[in-house]
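This report describes salt bridges and nonpolar cores. The sequence and structure are shown below.

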Amino acid sequence: MNRAIGAIVKKDMREITANKQLLFTIVIVPLVLTLVVPSIFLLTAHFAPEEADDMKELIKLMPETMQKMGMEQLMIRLLLDNVLPMFFLIIPIMASSVMAASSFVGEKEQSTLETLLYSPLTVKQLFYAKVLASFLMSMLVSWASFFVMLLGVGLEHYVLTGDMLHPGINWLPVMLLLSPAVSLIAITLIVRGSAKAQNVMEAQQKAAFLVLPVVLLIVGQFSGLMLINVWILIGFSAVLGFLAWVLLRTSVGKFCGEMLLSGR
């Protein structure tokens with residue numbers, strides 16, 4: 001990595017970790033999605049499994065070997081292998097939006113943009129540096145949330161049932177392929193928008209539209225419209241990975257200093 005790009009990445013990550021308000025936003029949402037929501041689901045599955053009667057259509061879509069399980073076990077497997085992985089598409093979008101939105105518009109607000117443009121980096125390298133900083137932060141938050149979830153949900157499951165909780169194969173394509181691809185798409189769009197935006201809130205608006213398809217996918221898991229499996233996830237990953245690459249190349253090609261200075 002170019003040392004100058006590395007310096008920009010370190011600077012941006014230090015600024016985020018030093019800002020308590022932004023850091024709180026990045027931390028609290030993943031904790032809710034990976035600890036609070038799963039805890040409610042686990043407690044419901046253990047103490048009131050009869051509440052899952054409306055999930056019969058969804059259960060029919062599950063493999064025959066799993067349909068032989070008890071209702072509590074089925075609900076837990078559904079949570080761990082189908083619902084929670086989708087949360088790890090929301091988490092990187094949320095984490096990246098907080099940092100990416102302030103990438104260039106933050107420099108404008110702090111009156112440091114002109115100084116940044118006088119650095120040894122080209123405008124395109126600056127774009128790559130901002131994208132890389134946000135991408136690393138989103139992946140750091142995603143993986144930290146993943147291990148916190150395994151520890152917290154696993155411990156709660158052991159206390160309730162006496163059994164260890166093992167994540168399924170669906171997690172591999174989600175954490176290694178799909179989550180990075182979704183994160184890169186979100187970051188590229190938001191960083192590009194940050195160059196034109198007048199404030200951080202304006203730059204963050206695109207993130208709301210990116211979360212909507214993920215929410216619909218989660219709803220689909222509960223409604224029985226579609227039950228994800230490893231092949232569907234790999235297919236999504238390939239499509240979104242290619243889209244992320246095309247979007248990044250296109251955005252870099254159109255990025256210029258006039259866009260930063262004029263906001264157009």
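## Salt bridges and nonpolar cores

Lys11 and Asp12 are joined through their side chains in a salt bridge with an N to O distance of 3.1 Å; the term denotes a side-chain nitrogen of Lys or Arg within 4 Å of a carboxyl oxygen of Asp or Glu. The model is predicted: local features need pLDDT of at least 70, side-chain atom pairs count only at pLDDT 80 or more, and totals for chains, interfaces and linings use all residues. Residues are numbered from 1 along each chain as its sequence is written, and side-chain values use heavy atoms, with hydrogens and water left out.

Two salt bridges are found in a search of the whole structure.

| Salt bridge | N to O distance |
|---|---|
| Lys11 and Asp12 | 3.1 Å |
| Lys130 and Asp12 | 3.1 Å |

Lys130 belongs to helix 8 (residues 123–161) and Asp12 to helix 1 (residues 3–18), so their pairing ties together parts 118 residues apart in sequence. Helices are DSSP runs (H or I, at least four residues), numbered from the N terminus. Asp12 has a relative accessible area of 7% and is buried, as is Lys130; buried means under 20% relative accessible area with a 1.4 Å probe, protein chains only.

The largest nonpolar core has 49 residues, of which Leu84, Phe88, Met149 and Trp171 touch the most other members. Such a core is a set of buried Ala, Val, Leu, Ile, Met, Phe, Trp, Tyr and Cys residues joined through side-chain atoms within 4.5 Å. Helix 5 supplies the largest share of this core, 18 residues.

Notes: Buried < 20%, exposed > 50% of the residue type's maximum accessible area, 1.4 Å probe, protein only. Helix = DSSP H or I, 4+ residues; strand = E, 2+ residues; numbered from the N terminus.
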